Amino acid sequence: MIHQDNYNSLYAESILVEQLICARNRGLLLIEQIIKSELVKPGSQTRTIQKAIHELIAQVLCPPGKKPRFWHKQILRVGEDTINPYSVKITNNVIKSGDIAFFDLGIALCMDVDSSVHVEVDLGRTIIVPGTNIDPDKLRICNDCERLFLEGKAYYLQNRDMTGKELYEYMQYQAEQNGWKLSSQPHSGHLIGLFPHEKILGDTKFDYICPENIRPMSAPDNFGNHRHWILETHLVHPKNLFGAFYEDLLSL
Ligand SMILES: [Fe+2]
Ligand SMILES: [Fe+2]
């Protein structure tokens with residue numbers, strides 16, 4: 001575990017960015033494996049798939065003999081459960097063909113340079129379970145979720161000094177312009193860094209992309225270092241009970 005005294009070190013400054021990107025890319029390989037292994041298939045239960053994902057995380061991302069560490073609970077939501085924010089308990093559903101489903105994986109990855117340091121990965125993706133007569137709105141919300149994420153990221157990159165409130169409101173506006181709503185999740189993203197960033201850096205409204213955050217996102221942390229951000233796009237259908245989720249690095 002890295003101590004607060006060490007956080008503002010050359011190590012953190014020079015390597016953290018590289019490690020956050022590297023850890024995220026390893027997380028993407030995991031998602032590729034989950035999709036390739038066709039775990040999410042008609043007839044399977046959410047709970048069973050979650051256990052299988054846990055095993056896959058150990059196989060794909062952990063050194064032999066090491067158990068995976070997580071910085072938030074692993075989420076797989078399917079069907080009506082896809083409208084629910086992070087805080088709502090996951091429902092155990094039986095997957096049906098044509099269902100919409102999303103993952104939200106929050107992993108603390110041990111990096112090679114220093115085995116005592118864990119770097120946070122936070123990735124979310126939505127998939128449509130193969131089937132016939134798939135609701136076109138499910139396909140549209142799935143595609144829009146990724147597109148609006150990318151548009152939000154482009155908007156942020158043009159003005160890194162914007163406040164968390166400005167970016168949240170932009171995401172809300174874009175969701176509504178495209179015929180969706182943002183979910184009841186109280187924010188559209190948060191800080192990411194060395195695990196556990198909430199303990200190292202604190203955990204206040206200024207660490208979230210939320211309406212209450214009126215500070216520039218470019219403001220440094222308490223140690224004077226750059227802060228790194230995650231953007232979450234969680235869209236829900238305005239009338240029907242389904243949604244889509246996309247989450248990835250914002251500032252890198
Ligand atoms: Fe997140
Ligand atoms: Fe997440």
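A: Let us begin with one residue of this predicted model. Leaving aside residues up to four places away in sequence, Cys145 touches Thr126, Thr233, Leu235, Ala244, Phe245 and Tyr246.

Q: To which nonpolar core does Cys145 belong, and which residues have the most contacts inside it?

A: In soluble globular proteins, nonpolar side chains tend to be buried together. Here the largest nonpolar core comprises 57 residues, and Cys145 is listed with Leu76, Ala101, Val119, Trp229, Leu235 and Ala244 as having the most contacts inside it. Strand β3 (residues 100–110) gives the most to this core, contributing seven residues.

Q: How is strand β3 joined to β4, and in which direction do the two run?

A: The two strands run antiparallel and are joined by eleven bridges. Within this pairing, Ala101 stands opposite Ile127 of β4.

Q: Why is strand β4 described as largely enclosed?

A: Burial is judged by how many other C-beta atoms surround a residue, with 20 or more within 10 Å counting as buried. In β4 (residues 118–128), nine of the eleven residues are buried, so the rest of the structure largely encloses the strand. Across the protein, buried residues make up 40% of the 252 residues.

Q: How many helices and strands does the protein have?

A: The protein has six helices and eight strands.

Technical notes
Residues are numbered from 1 along each chain as its sequence is written. Chains are lettered from A and ligands numbered from 1 in the order in which they are written. This is a predicted model: local features need pLDDT of at least 70, side-chain atom pairs count only at pLDDT 80 or more; totals for chains, interfaces and linings use all residues. A nonpolar core is a set of buried Ala, Val, Leu, Ile, Met, Phe, Trp, Tyr and Cys residues joined through C-beta atoms within 7 Å. A residue is buried if 20 or more other C-beta atoms lie within 10 Å of its own, exposed if 12 or fewer, and partly exposed in between; C-beta atoms are placed from the backbone. Helices (H or I, at least four residues) and strands (E, at least two) are DSSP runs, numbered from the N terminus. Two residues are in contact if their C-beta atoms, placed from the backbone, lie within 7 Å. Two strands pair if DSSP finds at least two bridges between them.
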